[in-house]
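Work through the exercises below with the sequence and the coordinates at hand. Each task is followed by a solution in steps.

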Amino acid sequence: MRHTLREIIAAVCLKKIDQKGTNVGLSFYAFFANKNDNPELLMEAATWWIQTHQLDHFEKAVKILAMVQAGE
């Protein structure tokens, strides 16, 4: 996964955790605006989420943050 996507994911996770607490869940769509303005990056996130790690549609933000920080 490219560095910029890791930064986006980490920032969104931290923001959601700060706003709603450590129990907040999110999907990979949370990292993008409501319109598909970067389909390549969206597909990269979807591939990482669905194919590489076989995550559920919603996962805890703390789990995703830890995975991204660990370089998974």
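This is a predicted model: local features need pLDDT of at least 70, side-chain atom pairs count only at pLDDT 80 or more; totals for chains, interfaces and linings use all residues.

**Exercise 1. Determine which residues of helix α1 are buried and how they are arranged about its axis.**

Step 1. Helix α1 covers residues 3-20, which is 18 residues. From its first C-alpha to its last, α1 reaches 26 Å, close to the 26 Å expected at 1.5 Å a residue.

Step 2. Take under 20% relative accessible area as the cut-off for buried. The buried residues of α1 are then Leu5, Arg6, Ile9, Ala10, Val12, Cys13 and Ile17.

Step 3. Seen down the axis of α1, these buried residues fall within an arc of 165°, so they line one face of the helix.

Step 4. The face turned away from the buried side carries the exposed residues His3, Lys15 and Asp18.

Step 5. The packing partners of the buried residues of α1 are β1 (25-26), α2 (39-52) and α3 (61-69).

Step 6. Glycine 21 follows α1, and the phi of glycine 21 is positive, near 95°.

**Exercise 2. Describe the largest nonpolar core and the aromatic residues of the structure.**

Step 1. The largest nonpolar core has 23 residues. Cys13, Leu26, Phe31, Trp49 and Ile64 are those with the most contacts inside this core.

Step 2. Helices α1, α2 and α3 each supply at least two residues of this core.

Step 3. Consider phenylalanine 31, leaving out residues up to four places away in sequence. Phenylalanine 31 touches Ile8, Ile9, Val12, Cys13, Leu26, Trp49 and Ile64.

Step 4. A search of the whole structure gives four aromatic pairs. Ring pairs link Phe28, Tyr29, Phe31, Trp48 and Trp49 into a cluster.

**Exercise 3. Is cysteine 13 buried or exposed, and which residues is it in contact with beyond four places in sequence?**

Step 1. Cysteine 13 belongs to helix α1.

Step 2. The relative accessible area of cysteine 13 is 0%, so cysteine 13 is buried.

Step 3. With neighbours within four places in sequence set aside, cysteine 13 is in contact with Leu26, Phe31, Ala61, Ile64 and Leu65.

Step 4. Cysteine 13 and lysine 63 are 50 residues apart in sequence, and their C-alpha atoms are 9.3 Å apart in space.

**Exercise 4. Carry out the analysis for alanine 61.**

Step 1. Alanine 61 is in helix α3.

Step 2. Alanine 61 is buried, because its relative accessible area is 0%.

Step 3. Leaving aside neighbours within four places in sequence, alanine 61 is in contact with Cys13, Ile17, Val24, Gly25 and Leu26.

**Exercise 5. How many salt bridges does the structure hold, and which residues do shared partners join into one network?**

Step 1. The structure holds three salt bridges.

Step 2. Glutamate 40 and arginine 2 meet through their side chains in a salt bridge, 3.0 Å from N to O. This pair links distant parts of the chain, with glutamate 40 in helix α2 and arginine 2 in the segment before α1, 38 residues apart.

Step 3. Glutamate 40 is exposed, with a relative accessible area of 55%, and arginine 2 is partly exposed at 33%.

Step 4. Glutamate 44 also meets arginine 2 in a salt bridge, 2.7 Å from N to O. Glutamate 44 lies in helix α2 and arginine 2 in the segment before α1, so the pair ties together parts that are 42 residues apart in sequence.

Step 5. Lysine 63 forms a salt bridge with glutamate 59, the closest N and O atoms being 3.2 Å apart. Lysine 63 is partly exposed, with a relative accessible area of 37%, while glutamate 59 counts as buried at 11%.

Step 6. Shared partners join Arg2, Glu40 and Glu44 into one network of salt bridges.

**Exercise 6. Locate glutamate 59 and list its contacts beyond four places in sequence.**

Step 1. Glutamate 59 is in strand β2, residues 59-60.

Step 2. Neighbours within four places in sequence aside, glutamate 59 is in contact with Val24, Gly25, Leu26, Trp49 and Ile64.

Notes
Residues are numbered from 1 along each chain as its sequence is written. Side-chain values use heavy atoms; hydrogens and water are left out. The expected span of a helix is 1.5 Å times one less than its number of residues. Buried means under 20% relative accessible area, exposed over 50%, partly exposed in between (1.4 Å probe, protein chains only). The arc is that of the directions from the helix axis to the C-beta atoms. Contact means heavy atoms within 4.5 Å. A nonpolar core is a set of buried Ala, Val, Leu, Ile, Met, Phe, Trp, Tyr and Cys residues joined through side-chain atoms within 4.5 Å. Rings of Phe, Tyr and Trp (its six-membered ring) pair if their centres lie within 6.5 Å; planes under 30 degrees apart count as stacked, over 60 as edge-to-face and the rest as tilted. A salt bridge is a side-chain nitrogen of Lys or Arg within 4 Å of a carboxyl oxygen of Asp or Glu.
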